[in-house]
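Hello,

Here is the structure I promised to pass on. My notes follow below it.

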Amino acid sequence: MSRRLVIIIGLLVLVIVSVAVAVLVRSTPPAPDPDPDPSPTSTTPQRPVQNTMLFAVRDNTGLIADSVVLGTVPPNQPPAGSWLSVQPGLSVDINAAGTLTLADRGPAAPADINSNVANQFGIAVDGAMILDRLAFAAMVDAVGGVTVAGGTPIFGEDAEGEQVVLVKPTRTKLFGPSAASYVITLNPGEPQEARMARFDEVFRQVILKLPANVDRVRSIVGSLGALSRTSLSAEESAEILLGVQTALAEQVNQAGTAPTSVAGTSADAIYTLEPAASQPTIERLFADSILRPGTDDALPRVRVFAAGVSNTSVLATQDLLADNDLTMVWGGPKKDRASSKIYVPSEQARALGAELAELLGLAADSVVVNSEQSAGAQAAIRLAPDTPLTAPPSTGPSGTTGTSPPQTP
């Protein structure tokens, strides 16, 4: 063998060995640092996942006539659904004139409406889908109509303003416009609960008859256009509706209505949440969505009852709480009292009570541990006209203040 050939072969072997070493080095993972920096972690606790949505239908005047809070679990979990029927007359806020009901909030932005509902019930509501009458009619038509049991004729006005029977009191198949009239019309003197039952009857059928395909449901939701106002994407709304569909079909949907006290009748009735009585229902339906301070940026919630003070005083208290990173929940009017009381659920919450007493200029002994009186919130205040911030209400000729319901003990 010639010397030149030996040199060439030697060079080739050297090249092959070099390439092999390079490949081996690139494929070997680097050794960890002796003292690695810890990976950054979130310091904000996260609540368990439950997807929630307020679904509501407005009447021809823009007021909310029907509403329900829906809850579902993610697709990778066993199906489960929650259905909280909500009275349109539920007291959810207050202004200078008096109580604002959910019905009154119809013209507001969807995000503001679902914030009112979330705050009142103490649960996280991801968004709201608010449909006008024609949008709900289109949704019913998209699934081929519904069948209703009847039993009560639904009265209304025709195009000429004449009183007519819109829906006959017999079992019948209803399509869009008739179905919408069936769920948004409140007959004279009829309680809101009757209309709520009609809405639940129709809306359950609509959900069950939706196509079991998120793209097709998203198309239906998106086709409603400006007649449907929403703070959620069409994809999010479709996924929640289909989650409830699965829960209904597999009979794993839980339903309920939060207990309330009521003043007035029919369309004028104002429903005030009974916190202690309603909390078991809220926790049964939305255990994974309860608002907890420090989780998902939730602030401590303080339920304020007017016990002989003006609406203006309550609003001033609301502003004071907001300035101190606290959220007010409107509790409604209570029987007049001479001195304010602050209720907290436990001794561990007494620090919050002391903070509230200081903000309101109250004595330390105004703080009382009482879990029933503070149910559903981190604290509750019976606000009387004994602080620099408050004043007694001024009454008109009728002796009433604003539109608040009569006071309860």
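S266 sits in the loop that links β13 (260-263) and β14 (270-273). Please keep in mind that this is a predicted model. S266 is not a glycine, yet its phi is positive, about 50°. S266 counts as buried because its relative accessibility is 14%, and buried means under 20%.

D296 is another residue to check by backbone angle. Its phi is positive as well, about 55°, and D296 is not a glycine either. D296 belongs to the loop between α8 (275-286) and β15 (301-306). With 33% relative accessibility, D296 counts as partly exposed.

Next, the interior. F203 is part of helix α5, which covers residues 192-209. F203 has 0% relative accessibility, so it counts as buried. Which residues is F203 in contact with, leaving aside neighbours within four places in sequence? They are F55, V68, L70, W83, F136 and L241. M139 is 64 residues from F203 along the chain, and their C-alpha atoms are 9.7 Å apart.

Last, the surface. D319, D323, D325, E355 and E358 form a negative patch there. Two helices, α9 (311-323) and α10 (350-360), each supply at least two residues of this negative patch. D319 is one of the patch residues and lies in helix α9. Its relative accessibility is 48%, so D319 counts as partly exposed; the exposed class is for values over 50%.

Best wishes

Conventions: Residues are numbered from 1 along each chain as its sequence is written. This is a predicted model: local features need pLDDT of at least 70, side-chain atom pairs count only at pLDDT 80 or more; totals for chains, interfaces and linings use all residues. Side-chain values use heavy atoms; hydrogens and water are left out. Patches are made of residues with over 30% relative accessible area and no salt bridge: like charges are joined within 9 Å, nonpolar side chains (Val, Leu, Ile, Met, Phe, Trp, Tyr) within 5 Å. Accessible areas come from the Shrake-Rupley method with a 1.4 Å probe; for residues, only the protein chains shown count as cover. A salt bridge is a side-chain nitrogen of Lys or Arg within 4 Å of a carboxyl oxygen of Asp or Glu. Lys and Arg count as positive and Asp and Glu as negative; His and the chain ends are not counted. The place of a charge is taken as NZ of Lys, CZ of Arg, CG of Asp or CD of Glu. Helices (H or I, at least four residues) and strands (E, at least two) are DSSP runs, numbered from the N terminus. Buried means under 20% relative accessible area, exposed over 50%, partly exposed in between (1.4 Å probe, protein chains only). Contact means heavy atoms within 4.5 Å.
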